[in-house]
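Hello,

Here is the structure I promised to pass on. Have a look at it first, and then read on for what I found.

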Amino acid sequence: MRILQIQAHVYKEKEKNLDALEAKINEYKDQKIDLVTIGEMFDCPYQTDCFPKYAEKEKEATWARLSSIAAKFGIYLSAGSVPEKDDKGHIYNTAYVFDRQGRQIAKHRKVHFFDVDIDGGQHFHESDTLTAGNECTTFDTEFGKMGLCICFDCRFPEFVRLMALEGAKVILVPASFNMTTGPAHWELMLRSRGMDNQCFVVATSDARDEKASYVSWGHSMVVSPWGSIVSEMDEKGCAKVIDIDLREVENIRRQLPLMTARREDVYELKKWVKQ
């Protein structure tokens, strides 16, 4: 599977972000790209007060543009995430995935709030304006099953494990780690999720903008089922083509059978949690 990973600058103008995405994919149109991935809140400044202002319902203008881009280039498009609103006025951090015909094949609403107060570092509270999702998301493609989560979701090993247990061989992670947690945990987390679940992890960040109120770490990364780094970007706006072979998942699981050697009879969580 050939992946085009786009680490894009986030502009304040929503349409400008969509135009830039389409233009960048067009640059690679002759390279037989299968899957394009982009970052978290790629069309909206990462600020809690911006989420309600930029939010759209499913199938409105931004959704329709993303669908048309996927169809135009005949690609799977993991369209980062965008602020979504429902009929009741709830706002979600939502990731859509479209197939080669532009049909929506997955939708994930971020489950775990990024509500942090780190001494001497990042302070951010998504719960000020967002509502949490409640689904573990996997979906089928011609290459096999994939999982989808958003940034902070990936910090929870049990959440990613559910996707692997449902058959996911690739975990897609639109994200925007910051300058406090990025250098400390980004690589460590992604390699751990790949190693623990013996699957590929494709984590795509927004580019770093030092002038923004929230500064992204960048360093979009692809990790192998062995836990090794297949590809890593720096902090700048850029795009990169990465080829992965999903047969590697089954090869590694056969040689080091972690998934089949699990002892649920011993470590079923409910058994050990004090009531």
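Gly147 has Ile171 of strand S11 as its bridge partner; please keep in mind that this is a predicted model. Strand S10, residues 144-148, pairs with S11 in the parallel sense, over 3 bridges.

How many of the residues of S11 (residues 170-175) are buried? The count is 6 of the 6, so the strand is largely enclosed by the rest of the structure. In a regular strand the side chains alternate between the two faces of the sheet. Here both faces of S11 are covered, with Val170, Leu172 and Pro174 buried on one side and Ile171, Val173 and Ala175 buried on the other.

Now to the helices. Helix H1 (residues 14-27) packs with helix H3 (residues 61-73) at an angle of about 5°, and their axes are 11 Å apart. That angle is under 35 degrees, which makes H1 roughly parallel to H3. On the H1 side the contact includes Leu18, Leu21 and Ile25, while H3 brings in Leu66, Ile69 and Phe73, among others. Sorted by class, this contact has 6 nonpolar, 2 polar and 6 charged residues.

H3 itself has 13 residues and reaches 19 Å from its first C-alpha to its last, close to the 18 Å expected at 1.5 Å a residue. Among its buried residues are Trp63, Leu66, Ala70 and Phe73. The cover over the buried residues of H3 includes H1 and strands S3, S4, S5 and S6.

Enjoy exploring!

Terms used. Residues numbered from 1 in each chain as written. Predicted model: local features only at pLDDT ≥ 70, side-chain atom pairs only at ≥ 80, totals over all residues. Heavy atoms only, no water. Axes fitted to C-alpha atoms, helices over the stretch in contact; angles between N-to-C directions. Helix = DSSP H or I, 4+ residues; strand = E, 2+ residues; numbered from the N terminus. Parallel < 35°, antiparallel > 145°, perpendicular 65-115°, else oblique. Contact = heavy atoms within 4.5 Å. Nonpolar A, V, L, I, M, F, W, Y, C, P; charged D, E, K, R; others polar. Expected span 1.5 Å × (residues − 1). Buried < 20%, exposed > 50% of the residue type's maximum accessible area, 1.4 Å probe, protein only. Pairing = 2+ DSSP bridges.
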